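Please read these comments with the coordinates open.

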Amino acid sequence: MKLACIFLIFLFQDCFLIKRVLAQGSQISNRVIAFQDCPVDLFFVLDTSESVSLRVKPFGRANVDKIKAFTNLFIDKLNDRYYRCDRNLVWNAGALHYSDEVELIKKLTRMPSGRADLKNRVSSVESIGKGTYTDCAIKAGLEELLIGGSHHRENKYLIVVTDGHPLDGYKEPCGGLEDAANEAKHQGIKVFAVAVSPDHLESRLNVIATDHDYRRNFTATVPQSDIPRTIDTIIEMIKDNVEQVCCSYECQPPRGPQGHIGDPGEEGERGRPGLPGEKGEAGDPGKQGDPGPIGYQGMKGDKGTRGDKGSRGAKGGKGEKGKRGIDGADGNKGDQGYHGLPGCKGSPGFDGLQGPPGQKGDTGSYGPKGIKVSHNSLFSHYDLDTVLFVMSAYKYHDKSIV
């Protein structure tokens, strides 16, 4: 009986030891897998301000749609890579977009499992279309890289897609662009500057980029043939940098028990300013500032509703006489009028011309019988002219004269 009890005790001890060994083996295996992965944190900072939205027609969409297409194509190319030092490059990616405020699209997410959701969120971005606070957006991107992803700061990268605005004269509320760029360098985070199109402010983009190798005239919209080359160049630069870092890691053994609390150290130097905090409540209205530069023309608004009819205006003054118009078309013939009154009797007219001889009349009746006289006595009472007239009239049958 005692032997049986001793045997059971040893058997339980062996099972407990085997369970601990298996558990430690599982933990070691998990640590080996995590150690073999070399994570890279990549965060996109996308400019959707007024200067970008109104640069190309249709206003508010054309350039922003191209920036979203560039970002989604970039996300599609984030594939794992195996290094000869037996390490695997893996990607964590996230994004935000900004104007006069910063809107987070998605925090750092493991690729490729979170690829589809990140692309869908990028595609649903709408232009804010106001001021351009690039300094605030860069600092917000740095904050996302520092609080998320891996603990290797050497493998953290920022992709800033902007047109380089604001111009001189605009106030930058988060310390300015140079301060944001210096903050990234101090944290060991590399920043790529990608222009929206080649004609944008190169001097501002050079301030954003870590150095000239992180600028290289990268563009996100045009020309179309340069976009894949830009993405491939950036990814290859990251992979080359990461290979040197990943293959130089030393194996970290499991940590021992926590030691005793040491003596307090000396007071250190004052640290650099921290990242911007959360947006506070609105303060009291400030004094009116200096007038800013002239902005871009805004987008045409929607058609308003028809207003109420206004009151009748005062009678206007008589206008100047207009020019004579062209003749109108002839009207239709009117109805016949009433007969007028007879006119007054006219004056006698002038004598007319002598008419032509009339037709021969009918033979008249016989006259009374004449008295016989001698020839001499017939013409004795008449002179020569009278006799000639009587003879000519008789010749033309004018008996009335005879």
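The numbered points below take the cysteines and then the threonine.

1. The model is predicted, and the comments should be read on that basis.

2. The structure contains one disulfide. Its partners are Cys136 and Cys174, with an S to S distance of 1.9 Å. The torsion about the S-S bond of Cys136 and Cys174 is about 95 degrees, so the disulfide is right-handed.

3. Where do Cys136 and Cys174 sit in the chain? Cys136 belongs to helix 5 (residues 134–147), while Cys174 lies in the loop between strand 5 (156–162) and helix 6 (177–186). The two are 38 residues apart, and the pair thus links distant parts of the chain.

4. Cys344 is exposed: its relative accessible area is 79%, and the class begins over 50%.

5. Thr219 is placed in the loop between helix 7 (202–208) and helix 8 (226–246). Despite this loop position, Thr219 is buried, at 5% relative accessibility.

6. Which residues does Thr219 contact, leaving aside neighbours within four places in sequence? Phe70 is one of them, and Val194, Ala195, Ser197 and Pro198 are also on the list.

Notes:
Residues numbered from 1 in each chain as written. Predicted model: local features only at pLDDT ≥ 70, side-chain atom pairs only at ≥ 80, totals over all residues. Heavy atoms only, no water. Disulfide = S-S within 2.5 Å. Helix = DSSP H or I, 4+ residues; strand = E, 2+ residues; numbered from the N terminus. Buried < 20%, exposed > 50% of the residue type's maximum accessible area, 1.4 Å probe, protein only. Contact = heavy atoms within 4.5 Å.
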